[in-house]
Amino acid sequence: MSWKPTPASADRLRAKLDDEFETVAKPEGLRRSSDARREREAAAPAVEPDTWQRSSEQRGNARGGSRIGSASGRASGLASGRAADGAAGRTSSSEDEATAQDNGKPARKGPSLKMRAVGYLSRREHAREELARKLAAYAEDPDEIESVLDALEKEGWLSTERFAQSLVHRRASRQGAARIVQELRQHGVDDTQVAELREQLRATEYERALEVWKKRFDAKPEDRAVYAKQARFLASRGFAHDVIRRILGEGEDD
């Protein structure tokens, strides 16, 4: 009796044969890949450990050298820039000194003559002669002082008349006409203006002298010594003798 395979048994047989074929083919494929890799490694030239270490050190030195080179380049550039700036400053200073020497004048330092004058005038009023004396220490030529003073008078900064009025206003409450007039003349105030101011001061001399005396003394003198002391005090302030006698009485006058 002969056996005939059924369709189902034929399918099972083919599946079994396929499994056996794959089982045999895969190890062979893996073996072929491994063999090829070993052949390539054997064909490549061998690199000794010392050679590989030297190559790594060379690459590191190359990178470090490039960084050091760029840093040294930047440092040298900055140093060159500073040196150039210093040289330029010295050159400019030398040129200024040379220009001053060529003109035969020393190089002036500090504010200009006019700026100094304006500084004085901004603090208080000055007479022309007084301001000229203060500027003389900074001027190279007397004519330069006169030119500056003329300009200041024209611009309204300087006024001897205004100075005289200011001085009288500051001194009148503490000093007599004689002392104030003396100070006005020392500052070069015009005689005509001095005469006008003296008349104004004389008109208020008694009232001003009385206020000064009251601030210093409590009562009128009782004897000759006290009278002389108070009289000398008022006279030293510049008050007139007739005004002093009116305040202290008709005592003996030293």
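Trainee: Which residues does Thr-160 touch, not counting residues up to four places away in sequence?

Mentor: Thr-160 touches Ala-127, Arg-128, Val-189 and Gln-193. Touching, or contact, means heavy atoms within 4.5 Å. Keep in mind that this is a predicted model, where local features need pLDDT of at least 70 and side-chain atom pairs count only at pLDDT 80 or more, while totals for chains, interfaces and linings use all residues. Residues are numbered from 1 along each chain as its sequence is written, and side-chain values use heavy atoms, with hydrogens and water left out.

Trainee: Ok, and how far apart are the C-alpha atoms of Thr-160 and Ala-127?

Mentor: They are separated by 4.4 Å, although the two residues are 33 residues apart along the chain.

Trainee: Is Thr-160 buried or exposed?

Mentor: Thr-160 has 17% relative accessibility, so it counts as buried. Buried means under 20% relative accessible area, exposed means over 50%, and partly exposed is in between, using a 1.4 Å probe and protein chains only.

Trainee: Which helix is Thr-160 in?

Mentor: Thr-160 sits in helix α6. Helices here are DSSP runs of H or I with at least four residues, strands are runs of E with at least two, and both are numbered from the N terminus.

Trainee: What's the span of α6?

Mentor: Helix α6 covers residues 160–171, so to speak, with 12 residues reaching 16 Å from the first C-alpha to the last, close to the 16 Å expected at 1.5 Å a residue. The expected span is 1.5 Å times one less than the number of residues.

Trainee: Which residues of α6 are buried?

Mentor: Thr-160, Phe-163, Ala-164, Leu-167, Val-168 and Arg-171. They cover an arc of only 135° around the axis, which puts them on the same side of α6. The arc is taken from the directions running from the helix axis to the C-beta atoms. On the face turned away from that buried side you'll find the exposed residues Glu-161 and His-169.

Trainee: What covers the buried residues of α6?

Mentor: The cover includes α4 (128–135), α7 (177–186) and α8.

Trainee: Switching topic: where is Gln-175?

Mentor: Gln-175 is in the loop between α6 and α7. Its relative accessible area is 8%, so Gln-175 is buried. Leaving aside neighbours within four places in sequence, Gln-175 is in contact with Ile-180, Glu-183, Arg-208, Arg-237 and Phe-239.

Trainee: And how do α8 and α9 cross?

Mentor: The axes of α8 (residues 191–203) and α9 (residues 205–216) come within 5 Å and cross at roughly 60°. That makes α8 oblique to α9. For the labels, angles under 35 degrees count as roughly parallel, over 145 as roughly antiparallel, 65 to 115 as roughly perpendicular and the rest as oblique. The axes are lines fitted to C-alpha atoms, for helices over the stretch in contact, and angles run from 0 to 180 degrees between N-to-C directions.

Trainee: Which residues meet there?

Mentor: Leu-201, Arg-202 and Ala-203 in α8 meet Glu-205, Glu-207 and Arg-208 in α9.

Trainee: Last one: how many helices and strands does the protein chain have?

Mentor: The protein chain has 11 helices and 0 strands. Of its 254 residues, 25% count as buried. Among contacts with a separation of 6 or more, residues 24 or more positions apart account for 58%.
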